[in-house]
Amino acid sequence: MSTPPLHIGIAGAGLLGRLLAWKLLQQGHKVSLYDKGSRVGEGSAARVAASMLAPYTEVVHAERQVFDWGLMALGWWPEQLARLNAETGLTIDHAINGSVAVAHELDKSSMTHFYQSLKTLLPDRLQHVRQLDRQQLAALEPELAEGFQQGLYLAEEGYLDNWALLSALNAAIDRLGGEFVEYAEIHDIQPGQLSVGHEQRQFDWVVDSRGIGAKSALPKLRGVRGEILWVHAPEVQLSRPVRLMHPRYKLYISPRPHRHYVIGATEIESESMAPVTVRSSLELLSALYSVHSGFAEAKVEHSFAHCRPAMPDNLPVVEVQPGLITVNGLYRHGYLLSPYVVEKALASFADFVV
Ligand SMILES: Cc1cc2nc3c(=O)[nH]c(=O)nc-3n(C[C@H](O)[C@H](O)[C@H](O)COP(=O)(O)OP(=O)(O)OC[C@H]3O[C@@H](n4cnc5c(N)ncnc54)[C@H](O)[C@@H]3O)c2cc1C
């Protein structure tokens with residue numbers, strides 16, 4: 001139909017928009033990337049996320065495809081982060097060294113239920129799920145063994161530093177000559193056309209990667225509110241994501257460099273983007289303190305709320321028609337599923353342009 005290099009306009013510079021911009025530039029295309037916010041990404045779920053890569057934990061809340069597609073992320077991200085480092089000189093902290101789940105003695109049934117669910121859902125992957133006694137827990141996360149008698153180790157899970165990733169993608173896009181247009185809200189998208197303000201801009205192809213901002217094009221898309229806190233805890237040393245299993249409060253702690261931790265997350269069927277509530281903060285911080293008393297003196301540095309973009313089946317959308325790629329619906333597993341979604345979108349696009 002058409003051959004490279006093409007001029008591609010991308011609406012939405014969150015996780016998918018930036019990844020696709022980078023990949024399409026690598027293929028030799030010309031890319032213009034538009035976002036209603038700034039290059040920092042303050043309007044994206046990508047920046048708010050804890051960016052854990054958690055196929056085992058996610059499968060308990062999702063379809064089996066999420067697990068199968070998500071496994072790809074465990075190899076894809078380290079490769080792409082190394083490539084970004086080579087292209088930009090920027091280092092993105094990440095580790096696929098497992099995650100640990102713990103439960104207080106009174107809440108042991110939550111942990112048992114989680115383990116039973118994994119046994120039912122993933123009978124073929126149980127070699128990567130290990131029940132830990134206190135000594136084994138101490139070997140993995142010494143500071144947790146002071147407060148917990150046992151844990152569960154999910155060997156094939158990890159995390160990456162999303163803020164560093166978004167900055168590195170900006171640098172890589174700049175280096176390859178991509179155009180990043182900030183504060184440019186896209187009002188309408190048609191094949192080969194983006195409406196910016198009162199102007200219609202023409203392209204060979206366009207991408208709709210506006211996340212929850214794409215509701216006009218995807219009427220069934222819904223937002224699922226999530227609230228998250230950032231703390232700096234010099235007295236706490238955790239080297240991998242930690243989850244507290246509790247019948248009421250769901251808590252995870254995702255590490256960042258220099259003893260910073262991302263604490264999350266609420267999950268509320270609401271499209272409100274209002275700031276984090278007192279109730280959510282109290283629940284998250286109380287649960288946090290119950291995991292490790294060293295969090296008592298932690299500084300709360302940021303609080304963020306955003307909406308996870310989800311379709312009714314909570315599965316991703318990848319639609320490619322001549323002149324238009326639509327990617328969305330990453331819900332609560334954007335970092336886990338974006339490798340699959342990006343590669344699938346690029347493969348379908350290649351069928352049209354080669
Ligand atoms: C609290 C929370 C925690 C999370 N934790 C994890 C996790 O641990 N692991 C994981 O895998 N996933 C996690 N996620 C999910 C993940 O963040 C999302 O699935 C992912 O960011 C969605 O990517 P996206 O590119 O579709 O949308 P986004 O990242 O939201 O990007 C959309 C972009 O489009 C822009 N935009 C919107 N409308 C317009 C418009 N009209 N014109 C121009 N630009 C527009 C926005 O400004 C934004 O930059 C979490 C999400 C939340 C909210």
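## Ligand shell and strand pairings

The shell around the ligand divides into 17 nonpolar, 11 polar and six charged residues. Here Ala, Val, Leu, Ile, Met, Phe, Trp, Tyr, Cys and Pro count as nonpolar, Asp, Glu, Lys and Arg as charged, and the others, Gly among them, as polar. This is a predicted model: local features need pLDDT of at least 70, side-chain atom pairs count only at pLDDT 80 or more, and totals for chains, interfaces and linings use all residues. Residues are numbered from 1 along each chain as its sequence is written, and side-chain values use heavy atoms, with hydrogens and water left out.

**The ligand site.** Of the 34 residues around the ligand, Asp35, Ala45, Ile186, Tyr331 and Tyr335 come nearest. A residue is near a molecule or strand if one of its heavy atoms lies within 4 Å of it.

| Residue (backbone N or O atom) | Distance to a ligand oxygen atom |
|---|---|
| Gly43 | 3.5 Å |
| Ala46 | 3.0 Å |
| Tyr331 | 2.8 Å |

The protein covers 97% of the 1000 Å² of accessible area that the ligand has on its own. Accessible areas come from the Shrake-Rupley method with a 1.4 Å probe; for residues, only the protein chains shown count as cover. Helix H1 (15–26), helix H2 (45–48), strand S14 (222–232) and helix H9 (334–353) each give two or more residues to the shell. Helices (H or I, at least four residues) and strands (E, at least two) are DSSP runs, numbered from the N terminus. Domain 1 (7–90 + 161–221 + 312–353) and domain 2 (99–155 + 222–310) both contribute to the shell, so the ligand lies between them. The domain bounds come from an automatic or database domain assignment.

**A three-stranded sheet.** Three strands form an open antiparallel sheet in the order S3-S8-S4. Strands S3 (52–53) and S4 (94–95) are the edges, each pairing on one side only. Two strands pair if DSSP finds at least two bridges between them. S3 and strand S8 (residues 158–160) have two bridges. Met52 stands opposite Tyr159 in S8.

Four bridges join strand S10 (residues 186–190) to S11 in the antiparallel sense. Ile186 has Val196 of S11 as its bridge partner. In the hairpin of S10 and S11, two residues sit between the strands, and Gly192 takes a positive phi near 75 degrees. S11 also runs antiparallel to strand S12 (residues 199–202), again with four bridges. Leu194 stands opposite Arg201 in S12. The hairpin of S11 and S12 has two residues between the strands, and Gly197 takes a positive phi near 60 degrees.

Strand S11 (residues 193–196) is covered on both faces: Gln193 and Ser195 on one side, and Leu194 and Val196 on the other, are all buried. Buried means under 20% relative accessible area, exposed over 50%, and partly exposed in between (1.4 Å probe, protein chains only). In a regular strand the side chains alternate between the two faces of the sheet.

**Backbone exceptions.** Most residues other than glycine have a negative phi, and most peptide bonds are trans. Ser51 has a positive phi of about 50 degrees. Ser51 sits in the loop between H2 and S3 and is buried, at 3% relative accessibility. Asn314 has a positive phi near 60 degrees. Asn314 is in the loop between strand S18 (299–310) and strand S19 (317–321), and is buried at 19% relative accessibility. A cis peptide bond joins Gly264 and Ala265, with omega about -25 degrees. Ala265 lies in the loop between strand S17 (260–264) and helix H8 (278–291).

Conventions
A polar contact is a pair of N or O atoms within 3.5 Å; within protein, one must be able to donate a hydrogen and the other to accept it, and residues adjacent in sequence count only if both atoms are side-chain atoms.
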